[in-house]
Amino acid sequence: MQSIADQVGVSRTTVSFVLNGKEKEGRISSVVAARIKEVARRENYRFNELARSLRTGHTRTIALVVADISDRFFATLAFHVQQHALHKGYLVVIASVGEDRAQFKPTVEMLIDRQVDGMIVVPIQHTEQEFVRLIETGFPIVLADRYFPDLKMNRVIIDNFGASFQIVSHLLEKGCRRIAMLLYDDQLMHMQERQKGYVKALEKYPDAAQPVIYKIGYANTQQETRETIRKLFSNRDTFDVDGLFFATGGLAMYGIETLIQLGIPIGAHMQIACFDRTDFAPNLKIPYVHQPIQEMGKAAVDMLLSRIEKGEPTNESCILTPHIINR
C-alpha cells in the first residue's frame, strides 16, 4: 500500500480508503481513485486477508456443514449458499459429515479452529448436546432444513407437515385409499413432521386404510428400500397398496427403480408421490413437493451474517412454504 501511495503521490490512508471501497467516505476524487486502482492492478496488489482478520477479528469466511454432499438436495443448497455468500463478500467452506455422528464433532471443531466467522449447519441425529455446547460458547450458527425443537437457535426450515399433508391429499383425491409411506429412520423433526402430515391426510378420508409406514436406515438405504418394496408387493393379499409416498427424492429413486424391475405399472392403479424431485425415469410424471432450496440458502446466509454483525445470540425462525408440482 505504501508503494502504491508513493507512485500516486498520496497518503497511505488515501490508498486504504480507495482499496476498501470507501473513497466517497474519504472524499477522494474519482480521478485519484481511478489512478490508485490502476497502479494496484499493475502491481498485482492483494489484500493480506490474514493480517486483516487479525485487525478486524473476522475472516469473512463461513462454513456450511451438510449431511451428504452427494445428495442433490444438499448439493443444490451448497450451490446457493456459496453464490449468495460470495455476493456478500464471504467465502464458504463446505463440509459433509455423511450422517455420521463420529465425524460431526471433529469437523465442527476443526472449522472453528480455522477461524470461520460462523456456520450454517444441517444437523444429523444424536448431535443435540453438541449444539448445546456451541450455544454456550456464543458461536454464530444457523440451522438449515433440520432443527431441534427444544433448542433456541436461529433456523431456516420449511413447512414439512403442510407439504406432506398436501401431497398425500393429492393422492387421495386421485382415488388412492391404501397408501404406504417410506421414510428415513430419523428422529429429527423434518422427518417426523413429514410422517405426521401423511397420517393427518389419511384421517380426512374415512374409507382410507390405516397408515402403513416403513422406516429405512441411512447406512444401507439402497438395499433396504429395494427389500421393502419387494416385501410390500409380494404381500398384496394383506395390503393391496395403490399408492406410495416417498419422504425423500433418494428413497423415491431406489423405490421406482425396484417397481420397474418388478414390472409394477405406475399409473392408473398405482400412484406415486415424493418429497422433492427425482430424475430417475424422467418419462414418469410423478407429483412431488418442490422445496424452495434457493430461498433457504439465501435466508440462511442473511440470517448468519446478521448474527455475526450483531455479535449477540438471537433466536430467529424462518419457515418457508414449499409447493406441490403436479405433473
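This is a predicted model: local features need pLDDT of at least 70, side-chain atom pairs count only at pLDDT 80 or more; totals for chains, interfaces and linings use all residues.

Colleague: Which order do the strands take in the open sheet with parallel pairing?

Modeller: Two strands pair if DSSP finds at least two bridges between them. Here six strands form an open sheet in the order β2-β1-β3-β4-β5-β11, with parallel pairing. The edges are held by β2 (91-96) and β11 (317-320), each with a single partner strand, so one side of each has no neighbour in the sheet. On average, neighbouring strands of this sheet are turned by 15° against each other, direction ignored. Such angles run from 0 to 180 degrees between N-to-C directions, and the axes are lines fitted to C-alpha atoms, for helices over the stretch in contact.

Colleague: How many bridges join β1 to β3, and which residue of β4 stands opposite Val 121?

Modeller: Strand β1 (residues 61-66) runs parallel to β3 and is joined to β3 by four bridges; Val 65 stands opposite Val 121. Strand β4 (residues 141-144) pairs with β3 in the parallel sense over three bridges. Across that pairing, Leu 143 stands opposite Val 121 and Val 142 stands opposite Ile 120.

Colleague: Are the residues on the two faces of β3 buried or exposed?

Modeller: In a regular strand the side chains alternate between the two faces of the sheet. Buried means under 20% relative accessible area, exposed over 50%, and partly exposed in between, with a 1.4 Å probe and protein chains only. In β3 (residues 118-121) both faces are covered: Gly 118 and Ile 120 on one side, and Met 119 and Val 121 on the other, are all buried. Helix α5 (residues 72-87) lies across β1, β2 and β3, at about 165° to β2.

Colleague: What order does the sheet with mixed pairing have?

Modeller: The order of this open sheet of six strands is β7-β6-β8-β9-β10-β12. Its edges are β7 (212-216) and β12 (323-325), each with a single partner strand, so one side of each is left without a neighbour in the sheet. The twist averages 25° from one strand to the next. Strands β9 (residues 271-275) and β10 (residues 288-290) pair in the parallel sense over two bridges, and Val 289 in β10 is the bridge partner of Phe 275. Helix α9 (residues 189-203) packs on the sheet, touching β6 (179-184), β7, β8 (243-246) and β9, and its direction makes about 175° with that of β6. Contact means heavy atoms within 4.5 Å.

Colleague: How is the packing of two helices described?

Modeller: Two packed helices are described by the angle between their axes and the distance between the axes. The axes of α6 (residues 101-113) and α7 (residues 128-137) come within 11 Å and cross at roughly 20°. Angles under 35 degrees count as roughly parallel, over 145 as roughly antiparallel, 65 to 115 as roughly perpendicular and the rest as oblique. The helices α6 and α7 are therefore roughly parallel to each other. Phe 104, Lys 105, Val 108 and Ile 112 in α6 meet Glu 130, Phe 131 and Leu 134 in α7.

Colleague: At what angle do α10 and α11 pack?

Modeller: Helix α10 (residues 221-234) and α11 pack at about 45°, with their axes 9 Å apart. They are therefore oblique to each other.

Colleague: Where is Gln 125 placed, and which residues does Gln 125 touch?

Modeller: Gln 125 belongs to the loop between β3 and α7 and counts as buried at 17% relative accessibility. Not counting residues up to four places away in sequence, Gln 125 touches Arg 101, Asp 185, Asp 186, Gln 187, Leu 188 and Tyr 218.

Notes. Residues are numbered from 1 along each chain as its sequence is written. Side-chain values use heavy atoms; hydrogens and water are left out.
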